Structures are given as structure tokens and as C-alpha cells.
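Visitor: Please give me a close account of how the secondary-structure elements of this protein are packed against one another. I would like the packing described element by element.

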Amino acid sequence: MAYKKRGLTALALGALGVVFGDIGTNPLYVLHVVFGPTAQHVAINQLTVHGIISLIIWSVTLVVSIKYIGFVMRANNRGEGGIMALVSLIIGSKLARKYKWQFIVLGIIGMSLFYGDSAITPAISVLSAVEGLKVVEPGLHSYILPITFIILAALFWVQHYGTAFIGRLFGPVMLLWFIVIALGGGWQIWLHPDILAALSPVAAARFIGHDPVVAFVAMGAVVLAITGAEALYADMGHFGRAPVARAWFLAVFPALSLCYMGQGALLLAHPGAIDNPFMLLFPESVRFSVVILATLATLIASQSVIAGAFSLTHQAVQLGFLPRMFIRYTSEREYGQIYLPFVNVALFITVSVLVFAFGSSVKLAGAYGMAVSGALAIDTILFVVVMRSLWHRSWKVIVLMLAVFSSVDAVFVVSNLSKIYHGGWVPLALAAAIFMVIVTWMQGHHIIRGERQLLEGPLADFVERIRSGKPRVERIPGYAVYISHHPDRVPMALHTTVEELHELSKKVVLVTVDVTNKAHVPEDERTVFDNLRYKDDGISHVTLSYGFHDRPNIPRALEALRHTNPELDLDPSNSAYFTSLTKVVKTRRHNMAGWRKTLYSLMSRNALSTTDYYRLPVERTVEMHSLIKL
């Protein structure tokens with residue numbers, strides 16, 4: 001038991017660095033946004049300060065402690081969390097197809113909103129930390145944007161090295177961060193203990209009752225305190241629910257509560273501290289050190305979001321929501337450490353533009369919150385769908401869950417609508433663009449798949465033609481592996497081999513890769529061998545099943561199957577591999593808008609080839625070209 005406790009503690013320390021970086025750095029800017037120069041309707045007095053701090057603490061309690069850790073994190077796909085885990089659970093449910101697709105589309109919207117959030121988080125986090133230099137030395141104001149850009153450039157540049165070494169430092173650094181912010185807030189609470197009244201929800205109720213309109217508008221800023229809540233769920237697969245919960249309740253939640261209350265106490269005693277209520281928590285002698293620590297913490301927060309974008313994109317590619325793209329695995333032992341160059345460059349350009357376009361964390365906060373609140377609301381909806389369709393909870397429980405959590409989500413969403421005119425349209429525009437890319441790829445891929453099946457034709461008819469000698473085919477020695485899209489259809493590459501080259505290897509294996517709605521498929525369940533009914537013709541079939549978190553590798557899987565199944569008469573190391581390289585040709589058919597056909601063709605041309613995606617040996621792989629009309 002002692003060993004298990006030590007292991008749980010170690011995992012909880014690791015969770016501090018990976019899971020809580022985003023939500024843990026929110027105190028850098030939340031109260032400055034609520035009471036700062038842009039918040040013209042929120043005065044600094046005991047009623048408003050106690051009310052706002054109470055709203056922050058109880059929002060965090062309801063959304064993070066109760067909703068996510070208490071309920072949503074119980075919905076996982078073999079230990080994996082996040083919005084794609086909810087989508088995959090719904091895909092595997094017994095819901096009617098039309099309802100299932102509605103919720104899948106809703107999940108794609110949530111995923112798109114996450115990308116919008118991913119662009120703003122590094123910008124606002126690092127910028128808010130570097131802005132602490134103004135408190136240390138006002139003359140450094142003009143250097144804030146260049147320093148922020150240099151730090152972000154370095155952060156994105158080191159992504160291709162992987163984070164195996166840096167990751168080991170994340171936990172201790174974030175532990176130090178939470179200790180420091182707890183001490184800073186605790187000292188101000190000691191000096192001004194009246195702020196403890198904000199722990200009661202009565203303080204929030206009084207504030208709302210006194211001026212409901214101001215309180216409602218303030219909720220648009222309060223939502224910034226819960227940004228990063230999705231990370232608790234999305235990163236659950238790295239540590240498990242228990243370590244995440246332990247780290248939250250023993251370290252993160254107390255530290256955040258102390259920090260927010262300490263800032264509130266400071267503002268009541270010194271209203272002028274609104275210029276930077278976080279940095280002014282600390283004595284002047286240690287502020288520069290706090291700036292350095294805050295910068296490290298925000299880099300960790302940004303790293304978590306970037307890694308989340310990599311992971312989410314990988315899952316989307318595996319599930320067919322996005323075209324295949326180059327994925328580099330930066331660690332042989334840690335599967336989750338991946339690097340996607342295209343996503344990295346796109347994020348860096350977007351983040352850099354946001355930093356220079358908005359120029360300050362307060363202005364960026366105007367764009368922040370809309371995408372976050374939308375994603376949180378979608379998580380709630382998908383979670384109750386899982387509760388009903390998979391867990392078969394009663395309608396009373398479902399209605400109660402919706403009444404409690406959806407009402408909170410609705411307040412956050414509606415209160416953020418006013419931000420649309422102050423920059424909130426930016427993450428929404430990013431999300432809309434990403435959503436259009438995803439649905440265009442999915443629709444175009446569906447059309448192309450139908451066209452391909454018509455061209456491929458039934459495998460049974462193809463074998464009969466080979467037997468009849470029409471066309472005449474020479475059976476040559478050796479092994480050939482053809483990548484197939486369906487076990488009962490003829491791969492386009494096989495058609496080309498027979499009809500144009502008039503030859504066929506004596507041993508042919510058709511390989512179909514099936515990406516399931518599970519996070520991982522165990523290796524002993526990965527392969528299914530089928531001699532079909534063409535054993536005498538030397539044609540057999542293998543189905544390889546992968547989870548959306550797995551790394552497809554056809555030669556390695558065939559080699560493993562060869563040692564466990566003697567029926568597979570194939571040597572993967574001496575086999576030739578054949579794939580179909582499809583070129584999309586646009587037509588005037590009204591199955592998709594013209595500009596969307598152009599977009600799909602562009603993505604299809606730039607997608608990673610089958611050879612690279614399935615780790616086929618380049619020197620023994622032949623790509624057969626074919627045309628398919630869109």
C-alpha cells in the first residue's frame with residue numbers, strides 16, 4: 001500500500017506539470033481583466049471584490065472540482081479523456097445513426113473551438129508574465145512585445161526535439177509555482193482577513209442581487225479563471241483520474257483560492273494595485289524572480305496546449321477527420337511525445353500575429369473566453385449523451401445534470417457574447433475555418449470512397465477473371481502486399497498490376513487497416529488473418545486494427561502475425577508493397593461546392609502518402625497512380 005501511495009504521489013507531481021499549467025497561470029491576468037481599465041462597470045469596493053472572488057472560487061468549484069473531476073472524467077476510452085474520447089464513445093454506442101452523426105458534428109465543433117483556444121493561450125499566458133517587467137522596471141515597457149516574441153519563437157522551435165528531458169522538470173517547477181502564489185496570496189489574507197468572507201457563496205449572491213447586469217457582464221471575465229479545465233480531462237490518459245484529483249485538491253485548488261483571495265485583499269487595501277494585482281502581491285525585492293518563475297510557468301502552460309493540439313490532430317487524422325500528415329515520434333518509450341511540423345508552424349504564425357495585433361494581455365482577454373465556454377458547454381452535452389446511451393442512466397439524472405451544469409455553461413457562453421466585438425470573433429473565426437476544413441475533408445473523402453469502390457469492383461469477380469485467363473496473367477515468384485480499403489474490393493493498385501503489367505505474384509496479401517473508436521488496441525487483438533476462399537489462388541487477407549492513439553506500422557504487424565500464424569505464407573522483409581496513389585479530378589457535378597472541391601483537392605495533394613503513413617519500406621514499395629472524379 002505504501003508503494004502504491006508513493007506511486008500515486010509521483011504521478012500527482014507529474015500531473016502538476018502537464019495537466020495544470022494552463023489553469024494554474026490564470027491568476028496572472030484574471031482580476032486585472034475584471035477590474036482593469038477596460039472593465040468600466042466594475043468598481044473596486046468590498047461588495048464587488050468579495051462578490052467577484054466568490055464567483056471565481058465557486059465557478060472553479062462547480063466546473064473543475066464537481067463537473068470534470070467528479071463526473072466527466074469518469075467517461076474515458078480505455079483511460080483516454082478529452083472531447084475526442086467522448087466522440088469515440090458515442091460512435092461506439094447504440095444510438096441511431098442520424099442522432100450519432102449530430103453529436104459527432106457537435107464534437108467536431110468542440111474540437112475546432114479547442115484549436116481557437118490553443119492559439120490564444122500561449123499568447124496571453126506568456127505576454128501576461130512578461131508584462132510583469134513593467135512592475136519591476138517601467139522603462140522596459142517597449143521591450144515586452146519583442147521579448148514575448150523571442151520566448152514564443154524559442155518555445156515553438158524546440159518542439160522538434162521533443163520534451164522528454166524538459167517534461168521531467170515540469171512537475172517541480174509547477175509545484176514551486178503553486179507554493180509561491182499560495183504564499184503571496186496567503187500573506188495578503190493574513191494582513192486583511194476580511195477577504196475570507198468571499199469563500200461563502202453568499203458573497204456572490206449579494207453581488208448578483210445588488211447589480212445583476214454588472215455581475216452578468218463580469219462573468220465574461222470570470223470564465224478566464226476556468227480556462228484549462230478541458231486539459232484536466234484531455235490529459236487524463238497520461239496519469240489517470242486519481243493522481244489528477246489528488247494534485248488538484250491537495251495543491252492546485254488551495255493555491256489558486258489563496259492567490260485569488262490575496263489579490264482581492266490587496267485591491268481593497270490598495271485600489272491602485274489594479275495595474276498588476278498579481279505581481280504586487282510580492283515584495284519588491286523578489287518581484288524579478290517571480291517574473292522569471294511566471295514566465296517558466298506560462299511556458300509550461302503553453303507547452304501543454306501545444307502538446308494537446310498535436311495529440312488532438314493525431315486523433316483526428318486517425319479517425320479520418322483530417323488528411324494524413326507527417327507525425328514524428330520524439331520518444332521511443334513515451335507514445336504521447338509526438339511532433340507535427342505543420343501544426344507547429346501554423347500555431348506559431350497564429351500566436352505571433354495575435355501577440356502583435358492585440359499588444360497586451362488585457363486586450364487579448366477580450367478575445368479569450370468565447371471558444372473556451374463553448375467547448376465546456378459541448379463537453380457537458382456529449383457527457384450526458386454518454387450517460388444515457390452507454391451507461392443507461394435514468395432521465396431524472398440526465399435532466400438534473402443538464403439543469404445544473406448546462407445552466408452554468410449557458411451563463412458563461414451568453415456573458416461572453418459581448419466579447420465578439422472586442423476580439424472574441426478571432427477564436428470563433430479560427431474555429432469556423434478549422435470546422436470547414438474538417439467537414440470538407442470528411443465529405444470529400446466520403447464521395448471519393450464511394451467512387452473508389454465503384455472502380456475497384458468485387459474481389460470475387462476479379463478472382464474469377466484471373467482463373468478464366470482473361471486477361472492473361474503471369475504468376476511470378478515472390479510475395480506482394482496490397483494496401484486495401486475494403487476486404488471485399490480489389491485495390492486500384494492490384495487492378496493496375498494485372499491489367500497493365502499482366503503479372504501477379506504467387507503469394508498476394510491484401511491488407512486493410514481499420515482505425516477503431518478505441519484509444520488503443522492491444523497487439524494480441526490487432527491482426528485478423530483470413531484465407532478468404534481464394535487459398536488456391538494464393539490470395540489472402542489481413543485486417544489490422546489500431547486505436548486512434550496507436551501508431552500504424554504494417555510491416556511490423558505482419559512480421560508479428562507471421563510468427564503467431566503459420567497460415568500466413570509471407571515474408572514481410574522480402575515482400576513488395578503496392579499502394580494506390582489517387583489523384584482527384586474535379587468535375588461539374590453538384591455534390592460539393594466548387595471552392596470546397598478545390599480545398600479538398602489541395603488537402604489530398606498535400607496529404608502524407610500511404611507509404612510514409614503506414615511505415616512501408618520505400619525501396620520495396622510501388623505507388624500505382626489512378627484518377628478518381630470528385
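Guide: The model is predicted, with local features requiring pLDDT of at least 70 and side-chain atom pairs pLDDT 80 or more, while totals for chains, interfaces and linings use all residues. Residues are numbered from 1 along each chain as its sequence is written, and side-chain values use heavy atoms, without hydrogens or water. Helix α15 spans residues 287-318 and α16 residues 341-358; their axes come within 10 Å and cross at roughly 135° (lines fitted to C-alpha atoms, for helices over the stretch in contact, with angles from 0 to 180 degrees between N-to-C directions). From α15, Ile306, Ala309, Phe310 and Thr313 meet Val343, Asn344 and Leu347 of α16 (heavy atoms within 4.5 Å). This contact comprises five nonpolar residues, two polar residues and no charged ones (Ala, Val, Leu, Ile, Met, Phe, Trp, Tyr, Cys and Pro are nonpolar; Asp, Glu, Lys and Arg charged; the others, Gly among them, polar).

Elsewhere, six strands build an open sheet of mixed pairing, ordered β5-β6-β4-β3-β7-β8 (DSSP runs numbered from the N terminus: strands E, at least two residues; helices H or I, at least four). The edges are held by β5 (527-530) and β8 (621-629); each has a single partner strand, so one side of each lacks a neighbour in the sheet. On average, neighbouring strands are turned by 25° against each other, direction ignored.

Strand β6, residues 539-546, runs antiparallel to β5, joined to that strand by four bridges (pairing requires at least two DSSP bridges). Within β6, His541 is the bridge partner of Asp530. Strand β6 also pairs with β4, here in the parallel sense and over eight bridges, and Tyr546 of β6 stands opposite Val515. Because seven of its eight residues are buried, β6 is largely enclosed by the rest of the structure (buried, under 20% relative accessible area; exposed, over 50%; partly exposed, in between; 1.4 Å probe, protein chains only).

Helix α23, residues 554-564, lies across β3 (474-484), β4 (503-515), β5, β6 and β7, at about 115° to β6.
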